[in-house]
Amino acid sequence: MASIDLDKVLDKAWADKPLADVLAAPVSALKGVSDRDGELLKEAFGVTTVAELAELKYVRWAQALAALDAAK
């Protein structure tokens, strides 16, 4: 089972919210992602929520490439 310290990855306002709420939240709910970053992600990729960012094919491709590199 995977786990994550939500205080390290989410803005304080989101750290105690249910996971479903976090996934539906704007990407700016992620620590270090500004409202402007969210606007740019929407403009470039049509991403508006944390869940959409997680499903973005470019993010998945980058994760797969990193995993391949780590496995060597």
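A salt bridge here is a side-chain nitrogen of Lys or Arg within 4 Å of a carboxyl oxygen of Asp or Glu. By that rule, the structure holds 3 salt bridges. Side chains of opposite charge can pair when their charged atoms come close.

This is a predicted model, where local features need pLDDT of at least 70, side-chain atom pairs count only at pLDDT 80 or more, and totals for chains, interfaces and linings use all residues. Residues are numbered from 1 along each chain as its sequence is written, and side-chain values use heavy atoms, with hydrogens and water left out.

**Close-up A. R36 pairs up with E39 in a salt bridge.** The closest N and O atoms of R36 and E39 sit 3.3 Å apart. Both belong to helix α3 (residues 35–45), and because they are 3 residues apart there, about one helical turn separates them. Helices (H or I, at least four residues) and strands (E, at least two) are DSSP runs, numbered from the N terminus. R36 is partly exposed at 47% relative accessible area, and E39 is partly exposed too, at 44%. (Buried means under 20% relative accessible area, exposed over 50%, and partly exposed in between, with a 1.4 Å probe and protein chains only.)

**Close-up B. Here E55 meets R60 in a salt bridge.** Look for the closest N and O atoms, which are 2.8 Å apart. E55 counts as exposed, with a relative accessible area of 52%, while R60 is partly exposed at 41%.

**Close-up C. K72 and D69 join their side chains in a salt bridge.** From N to O, the distance is 2.9 Å. K72 is exposed, at 79% relative accessibility, whereas D69 is partly exposed at 45%.
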